[in-house]
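Here are my notes on the model, as numbered points. Please read them with the structure open.

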Amino acid sequence: MPIISISDLSKTYASGFSALKGVNLAIERGEIFALLGPNGAGKSTLINIVCGIVTPSTGTVTVDGHDIARDYRAARRSIGLVPQELTTDAFETVWNTVSFSRGLFGMKPDPAHIERVLKALSLWDKRTNRLMTLSGGMKRRVLIAKALSHQPRVLFLDEPTAGVDVELRQDMWRLVRDLRDEGVTVILTTHYIEEAEEMADRIGVIRGGQIILVEEKAALMHQLGRKRLILQLQTPLDAVPDSLAHFGLALTGEGRELVYTYDTKAERTGITGLLTALSEAEIRFSDLRTEQSSLEDIFVGLVRGEAA
Amino acid sequence: MGGMNWPAVLAIYRFEMSRFWRTAGQSILAPVISTTLYFVVFGAAIGSRVTAVDGVPYGLFIVPGLIMLSLLTQSIANASFGIYFPRFAGTIYEILSAPISPVEVVLGYVGAAASKSILIGLIILATASLFVPLRIDHPFWMIGFLLLTATTFSLFGFVIGLWADGFEKLQLVPLLVVTPLTFLGGSFYSVSMLPPFWHAVSLANPVVYLISGFRWAFFGNADVSIAVSLAMTGLFLVICLGLVTYIFRTGYRLKS
């Protein structure tokens with residue numbers, strides 16, 4: 001059973017803006033799922049509905065089998081949320097604000113756990129500091145500590161690396177991986193592809209309030225790993241000769257270009273074989289070039305509504 | 001559903017109280033100073049020329065009204081700020097996403113606001129005792145009215161804090177409605193001293209019933225009967241509870 005099941009989820013705000021249009025999504029237990037999409041695509045609305053901050057117009061969500069409306073206590077208890085905005089209580093100390101969060105989620109005080117969390121986020125030395133004395137990066141760490149204070153089973157990170165320095169980004173990735181190893185499911189939203197690429201097990205792409213693609217990262221990377229070799233022919237061909245059929249070549253540009261698609265990560269790309277076969281078939285070419293489709297291309301194509 | 005989330009109520013309560021203690025200097029000093037000023041002006045300067053009201057020396061007579069005045073303004077100020085500020089700063093996300101019921105949220109915020117204003121009420125009482133020999137005929141009723149009023153007006157403040165969409169609005173109701181009603185509600189005089197017409201008008205002022213009841217707990221006499229005072233205070237409590245329930249049921253200004 002997925003840890004989060006979202007079915008037919010829609011949200012139209014009072015302004016009439018339709019932020020989500022019939023979203024269906026299942027998040028598997030223990031995975032890192034990246035929700036990728038441009039600004040205004042509905043990423044935050046989706047997260048905020050699951051976390052109880054926004055009321056959905058239609059549809060249902062269950063977290064660990066608990067309906068977020070009927071059984072909101074159990075559903076929310078298993079969720080930790082790191083919001084996009086840096087919102088902290090200026091006058092509180094780091095220790096107090098993290099302990100406050102734990103209490104809010106109905107947990108008995110556990111100083112040992114809070115200590116572990118603060119140390120993991122390099123906040124231990126700052127525990128008696130007031131939040132207003134902290135830098136932006138440190139505040140981000142505090143928000144993560146708050147979200148982890150009640151030992152959630154699911155962690156939502158809404159745009160976790162927006163305006164974050166390299167060091168914190170790396171710390172954050174280490175932490176996310178550690179959490180996954182402990183069995184915590186992590187869902188992050190981002191509009192940076194590298195982030196999804198670096199972290200996620202699966203990637204979902206959202207555009208205009210609709211999920212337009214959910215794919216294993218490996219499968220997406222496979223597409224990414226494909227390259228095309230384009231051969232400019234001296235004499236145009238009417239058809240690909242039978243002797244070259246097994247290369248899966250495509251003939252384009254009115255018969256002036258032969259296109260060979262290959263996997264850069266494969267053990268043999270087959271290029272040498274192709275070139276030998278070509279010279280045997282006495283097909284001469286004047287030029288050659290290679291092209292690679294990046295995840296960026298795939299993504300840009302998707303969000304523009306074209307086929308990648 | 002499981003039981004109540006008491007750790008959450010306690011967390012909110014503690015958080016709100018820590019704000020009070022952090023600014024303990026202002027929180028305690030301000031009411032002490034203003035009470036002293038009232039005593040200097042009304043008690044000594046004017047009071048010495050005013051005859052006893054219903055057999056109670058004027059300086060002593062104003063004690064219940066002074067406490068009520070602070071209780072009302074402090075309850076509203078504390079509760080409205082307590083819930084408005086997280087909305088303003090954005091930290092409300094945590095309250096909304098936590099496994100807490102509206103009842104628990106109200107208990108935490110309103111409980112803390114009421115506690116603070118009761119503390120201030122008691123500080124004023126202690127300050128007053130330095131100026132006049134206190135007399136409290138019905139101490140239990142006195143505490144009862146203190147609790148009831150603090151709770152009711154903290155709820156009212158909570159509603160204002162949810163309704164306000166700017167700091168100006170947060171000040172608007174206390175400034176334009178509550179302070180005038182309190183001053184005209186017999187804090188410094190007995191409404192029965194007024195001419196019949198203004199006396200009748202005053203009876204439309206809800207604060208009259210609070211002050212009258214509270215004064216009865218001190219001196220055993222009142223402008224209106226104690227039963228009416230209790231019933232009216234209870235009625236405000238019910239109205240405020242109804243408003244808060246409505247707000248949470250509709251998600252008004254908290255959730256979209």
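**Notes on the predicted model**

1. **The largest core.** This is a predicted model. Its largest nonpolar core has 71 residues. Those with the most contacts inside this core are B:L66, B:M68, B:I76, B:Y109, B:V110, B:F158 and B:V159. Helix 3 of chain B (residues 58-89) gives the largest share, 15 residues. Take B:V159 as a way in. Leaving out residues up to four places away in sequence, B:V159 touches B:C240, B:L243, B:V244 and B:I247.

2. **A second core.** A separate core of 62 residues includes A:A19, A:L157, A:V184 and A:A196. In soluble globular proteins, nonpolar side chains tend to be buried together.

3. **Strand 7 of chain A.** This strand covers residues 154-158 and is mostly covered, with 5 of its 5 residues buried. In a regular strand the side chains alternate between the two faces of the sheet. Here A:V154, A:F156 and A:D158 point one way, while A:L155 and A:L157 point the other way. All of these are buried. Note that A:D158 is among them.

4. **Partners of strand 7.** Which strands pair with strand 7 of chain A in the parallel sense? One is strand 6 of chain A (residues 79-82), over 4 bridges. There, A:L81 has A:F156 as its bridge partner. Another is strand 8 of chain A (residues 185-190), over 5 bridges.

5. **Strands 3, 9 and 10 of chain A.** Strand 3 (residues 32-36) and strand 9 (residues 202-207) run parallel and pair over 4 bridges. A:F33 stands opposite A:R202 of strand 9. Strand 9 also pairs with strand 10 (residues 210-216), here in the antiparallel sense and over 6 bridges. A:I206 has A:I211 in strand 10 as its bridge partner. The hairpin of strands 9 and 10 has 2 residues between the strands. In this hairpin A:G208 takes a positive phi near 55°.

6. **The 2-1-4-5 sheet.** Chain A has an open sheet of 4 strands in the order 2-1-4-5, with antiparallel pairing. Its edge strands are strand 2 (18-27) and strand 5 (66-67), and each pairs on one side only. Strand 1 (residues 4-12) and strand 4 (residues 58-63) run antiparallel and are joined by 5 bridges. Within that pair, A:S10 stands opposite A:T58.

7. **Two domains in chain A.** The domain assignment gives domain 1 as 4-221 and domain 2 as 225-300. Taken over C-alpha atoms, the domain centres are separated by 45 Å.

8. **The 12-13-11-14 sheet.** Another open sheet of chain A has 4 strands in the order 12-13-11-14, and the pairing is antiparallel. Strand 12 (250-252) and strand 14 (285-292) each have a single partner strand, so one side of each is left without a neighbour in the sheet. From one strand to the next, the twist averages 25°. Strand 12 is joined to strand 13 (residues 257-263) by 3 bridges, and the two run antiparallel. A:A250 stands opposite A:V259 of strand 13.

9. **A:Y260.** This residue lies in strand 13 of chain A. Is A:Y260 buried or exposed? A:Y260 has 22 other C-beta atoms within 10 Å, so it counts as buried; the cut-off is 20 or more. Beyond residues up to four places away in sequence, A:Y260 touches A:R228, A:L229, A:F247, A:L249 and A:L274. A:Y260 and A:G248 are 12 residues apart in sequence, and their C-alpha atoms are 7.0 Å apart in space.

10. **The interface of chains A and B.** How many residues of each chain are in contact? On chain B there are 22, and they meet 26 of chain A. On the chain B side, helix 1 (6-22) and helix 4 (92-97) are the elements that give two or more residues. Helix 1 of chain B gives the largest share, 6 residues. The chain B side divides into 12 nonpolar, 7 polar and 3 charged residues.

Notes:
Residues are numbered from 1 along each chain as its sequence is written. Chains are lettered from A and ligands numbered from 1 in the order in which they are written. This is a predicted model: local features need pLDDT of at least 70, side-chain atom pairs count only at pLDDT 80 or more; totals for chains, interfaces and linings use all residues. Two residues are in contact if their C-beta atoms, placed from the backbone, lie within 7 Å. Ala, Val, Leu, Ile, Met, Phe, Trp, Tyr, Cys and Pro count as nonpolar, Asp, Glu, Lys and Arg as charged, and the others, Gly among them, as polar. Two strands pair if DSSP finds at least two bridges between them. Axes are lines fitted to C-alpha atoms, for helices over the stretch in contact, and angles run from 0 to 180 degrees between N-to-C directions. Domain bounds come from an automatic or database domain assignment. A nonpolar core is a set of buried Ala, Val, Leu, Ile, Met, Phe, Trp, Tyr and Cys residues joined through C-beta atoms within 7 Å. A residue is buried if 20 or more other C-beta atoms lie within 10 Å of its own, exposed if 12 or fewer, and partly exposed in between; C-beta atoms are placed from the backbone.
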